[in-house]
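Colleague: Before I rely on any of these labels, I would like to hear how each one was reached.

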Amino acid sequence: MHAIELHDIHKTFRIPHEVHTTLTERILSGFRGTSYERFEALRGISLTVDEGSFVGIIGGNGSGKSTLLKIVSGLLIPDQGEVRVDGSMSALLELGLGFSSELTVRENVELYAAVLGYPRREVQQRVDEAISFAGLGRFQDAKLKNLSTGMRARLGFATALQSESDIMLLDEILAVGDADFQLKCLSVFEDFKRRRKTMLLVSHDLGQVQRFCDEAVWLREGRVAAVGDPDAVIAEYLKTVGAEAAAVAAAKEAPETDKSWSQGGMRVVRGWIESEAGREVGRVRSGDAPTLVVLAEAHAAIEAPILGFAIKAEDGSVVYADNTDWLGVRTERLRAGQVIEIRARFVGALRNGRYTVQVGLANSESTAFFDLVDGVAGFVVHGSLCRQPGADLLGRVSHADLQGRMAWRVVDDVTPKPDAYQSRRSVGEERKGGLR
């Protein structure tokens, strides 16, 4: 079922070549006229967003991303085309819009709550939660004009998150606040994904699009250039930007290869992550079993080298490590110039986030490294039920998602049954007797 449907959407703006700021200028312009330039922001956009999906919209400045969100939200009317929205909607486009600088923090949130339609019985509770989430409990009685720009943005974001809507439109809102606040925001979006809320996100942060979105839409000069898997769409997008911009964006998406230490004799050539279908990927759903593929070249005769790898979280901590020796896999003697391909399959039972892979090549006794390289490959885990630190006390804060399952039933009697214990003792006596 589609939550949002757009059919042949067009939107054009008239941009004046002159801006008249005084009465005299306005009067004189009536005689000589004012020239305008037509800017086609959207040119025949057709798009569907499934219910419960998280869709990211990417593209350069002026490609029509924010205009598209405003049309979906109803803030702008398209010149041509049809918009259908099924469900209640919240648009986090301009955080804090409607706040009054002369009112206190609490008064502003209460006012905003009325605009967003908080349930009446829960207004005070949600107001308290919004202020707490924004980290402004100490400033709740201070006037808004005395707060910094970042604090106002956090307050607007935290307030908007308290609304109960089926669909959320988000325009570059993941960049607000400091690192701690952004971490809490990421936990909220992971929760939204679990609750199958429909979300449409505009962002220049391609890493966030990879991490959260089920589908990516690339807008180029007001048209849809590509729709589909975020990895594939982002790769196509990066091919079209300038060389310098592409290098910067790719550096954010792919971890830097850092040659930590090398003794020589053998080197890591390349590494990547493959899906179960054998396709190179940058995103792994929690619980799937991808494969790390590493190519290594021998520069001299090497006797049965050992290859090991470690998966590191965003903070640099190692969440998993293994090598061919531990797994009982023995390689053969390599000649100079030979290239070996090693495939290591693992289960991506990790919490949502970005991970990098360190690869090491050692001699057969594990007493010396030929090569040790950080960032050989990288991937993003999504779809995990684990929550990031900073979540509420009932959240599943952990480093791994072991796909746990629980069940329950009502029992009539919890009194131990003597015959069961008797049978266990009997079995124990028989075993002891058999061992004599």
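Colleague: What makes strand 13 and strand 16 a pair?

Modeller: In this predicted model, strand 13 (residues 291–298) and strand 16 are joined by seven bridges in the antiparallel sense; because pairing requires at least two bridges, the two strands count as paired. Within that pairing, Val-294 has Ile-342 of strand 16 as its bridge partner.

Colleague: Why are strand 11 and strand 16 called edge strands?

Modeller: Three strands form an open sheet with antiparallel pairing, in the order 11-13-16. Strand 11 (266–274) and strand 16 (339–345) each pair on one side only, and that is what the name edge strand refers to. Neighbouring strands of this sheet are turned against each other by 20° on average, with direction ignored.

Colleague: How do you know that helix 5 is mostly covered?

Modeller: A residue is called buried when its relative accessible area is under 20%, and 10 of the 13 residues of helix 5 are buried, among them Met-151, Arg-154, Phe-157 and Leu-161. As for its length, helix 5 (residues 149–161) reaches 19 Å from its first C-alpha to its last, which is close to the 18 Å expected at 1.5 Å a residue.

Colleague: What puts the buried residues of helix 4 on the same side?

Modeller: The buried residues of helix 4 (residues 123–133) are Arg-126, Val-127, Ala-130, Ile-131 and Phe-133. They cover an arc of only 165° around the axis, and therefore they lie on the same side of helix 4. In general, an α-helix has 3.6 residues a turn, so residues three or four places apart point the same way. Helix 4 is followed by Gly-135, whose phi is positive, near 70°.

Terms used: Residues are numbered from 1 along each chain as its sequence is written. This is a predicted model: local features need pLDDT of at least 70, side-chain atom pairs count only at pLDDT 80 or more; totals for chains, interfaces and linings use all residues. Side-chain values use heavy atoms; hydrogens and water are left out. Helices (H or I, at least four residues) and strands (E, at least two) are DSSP runs, numbered from the N terminus. The expected span of a helix is 1.5 Å times one less than its number of residues. Buried means under 20% relative accessible area, exposed over 50%, partly exposed in between (1.4 Å probe, protein chains only). Axes are lines fitted to C-alpha atoms, for helices over the stretch in contact, and angles run from 0 to 180 degrees between N-to-C directions. The arc is that of the directions from the helix axis to the C-beta atoms.
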